[in-house]
Amino acid sequence: AQYLSLNPEKTKEYLDQYLNFGGYPRVILAASLEEKSAILNEILTSYLEKDIRYLGVEREEIFRSLLKLIASQTSQLVNHQNLSQTLGTTQVTVKKYLWYAQKTFVIQKVTPLAKRVHREISKAPVYYFTDLGIRNLLLGSLGLVQSPLQLSFLFQNLIFLFLEQIAQEKYYQIKYWRTKSGAEVDFVLEKGEKLLPVEVKYQSLKEKRVSRSLRSFINIYQPKQALVVNLDFKAETKIGSTQVVFLPFWSITYFT
C-alpha cells in the first residue's frame with residue numbers, strides 16, 4: 001500500500017493492466033497481447049469443455065452466449081426475462097445456467113438491500129466476474145477497453161472483488177441499494193443491523209463531495225460510516241453522525 005501511495009503512475013499502470021487483463025498470474029506475466037489472449041482462451045475452453053459438461057449443461061452454445069450477455073451487463077441490473085427472450089430459451093434454463101456459473105466461480109451475484117420493499121428495488125440481481133480478463137475475452141475486448149464508461153463498470157467489478165475478500169473474512173453480506181425513484185449505492189456491507197454503504201467513483205476526486213444518492217441512504221439508515229472509493233483522493237467529512245471516508249481503491253482492504 002505504501003508503494004502504491006508513493007508511485008501514482010505505477011498505480012495507474014497496474015490498474016489499467018488489471019482492468020484489461022484480469023488477475024491470472026500466467027496472464028499478468030505474459031509479454032504480449034497474443035500470449036495473454038492464448039492463455040485466457042485456453043482457460044475458458046477448458047472450463048467450457050470440462051467443468052460445464054461435467055455439470056450436465058445440455059446446450060453449451062446457450063451457456064456461452066449467456067456468459068457474453070452477463071459480461072456486457074457487468075455492474076448493471078439484470079433482468080432474467082430479458083435474458084431468456086434474447087437467448088430464445090426459458091427463464092428456468094437461464095437461472096440454472098447462471099447458478100452453474102456461480103458454483104464454478106466464474107461470476108458472483110449481488111442482490112439488493114430492500115428493507116423498505118414498497119420504495120426499494122427488491123429482486124433484480126447484479127453479476128460480477130471473478131476475473132476481468134475472462135470477461136473481456138468473452139466480449140472480444142481483451143486489452144482494448146478504453147471507454148470511460150466501460151472502465152467504470154470494470155472498476156466497480158474490481159471493488160466488488162476487494163469487498164468479497166473482506167466479506168469472507170469478517171462475515172459480511174454484500175448487497176447493493178437502489179430505490180424505485182433512482183437513488184443508488186453501489187455496495188452495502190451488511191452484518192446484522194450494521195450497514196456500511198460503499199460508493200464507487202472511477203475518478204480522481206478533488207473535494208469532499210457526497211452524492212445525493214449516498215446522502216439519501218445516510219439519511220434513511222444513519223450508518224456509523226460510509227465509504228467513497230475512488231482513484232486517489234483521501235479525506236473525511238461528516239453528515240449528521242455518519243463519518244464519510246474518501247479513500248483510494250488500493251487501501252480499502254486496510255481500512256475495513
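Me: Why is Phe246 called buried?

Reply: This is a predicted model, and in it Phe246 has a relative accessible area of 0%. Buried means under 20%, so Phe246 gets the label.

Me: What about Phe233: why is it called buried?

Reply: Its relative accessible area is 15%. The cut-off is under 20%, so Phe233 counts as buried too.

Me: What makes Phe233 and Phe246 an aromatic pair, and which kind is it?

Reply: Their ring centres are 5.8 Å apart, and the limit is 6.5 Å. The planes make an angle of 70°, and over 60 degrees counts as edge-to-face. So Phe233 and Phe246 are an edge-to-face pair. Phe233 is in the loop between S6 and S7, while Phe246 is in strand S8, 13 residues apart. By this rule, the count of aromatic pairs is 12. There's also an aromatic cluster made of Tyr47, Phe63, Tyr97, Trp99 and Tyr100.

Me: How do you know that Lys191 lies over the face of Tyr172?

Reply: Lys191 is 4.7 Å from the ring centre of Tyr172, and the distance has to be within 6 Å. There's an angle test as well, within 35 degrees of the ring normal. Lys36 is placed over a ring too: its charged end is 4.9 Å from the centre of Phe21's ring.

Me: What makes S4 and S5 paired strands?

Reply: Five bridges join S4 to S5, and pairing takes at least two, so the two strands pair. They run antiparallel.

Me: Why are S2 and S7 called edge strands?

Reply: The open sheet has eight strands, in the order S2-S1-S3-S4-S5-S6-S8-S7, with mixed pairing. S2 and S7 each have a single partner strand, so one side of each has no neighbour in the sheet. Neighbouring strands in this sheet are turned by 30° against each other on average, ignoring direction.

Me: Which residues touch the most other members of the largest nonpolar core?

Reply: Phe155, Ile159, Leu163 and Phe187 do, out of 36 residues. Helix H9 gives the most to this core, with 10 residues. Leaving out residues up to four places away in sequence, Ile159 touches Phe187, Val200, Val229, Phe249 and Ile252. There's a second, separate core of 33 residues, including Tyr47, Ile62, Tyr97 and Ile107.

Key: Residues are numbered from 1 along each chain as its sequence is written. This is a predicted model: local features need pLDDT of at least 70, side-chain atom pairs count only at pLDDT 80 or more; totals for chains, interfaces and linings use all residues. Side-chain values use heavy atoms; hydrogens and water are left out. A nonpolar core is a set of buried Ala, Val, Leu, Ile, Met, Phe, Trp, Tyr and Cys residues joined through side-chain atoms within 4.5 Å. Buried means under 20% relative accessible area, exposed over 50%, partly exposed in between (1.4 Å probe, protein chains only). Helices (H or I, at least four residues) and strands (E, at least two) are DSSP runs, numbered from the N terminus. Contact means heavy atoms within 4.5 Å. Axes are lines fitted to C-alpha atoms, for helices over the stretch in contact, and angles run from 0 to 180 degrees between N-to-C directions. Rings of Phe, Tyr and Trp (its six-membered ring) pair if their centres lie within 6.5 Å; planes under 30 degrees apart count as stacked, over 60 as edge-to-face and the rest as tilted.
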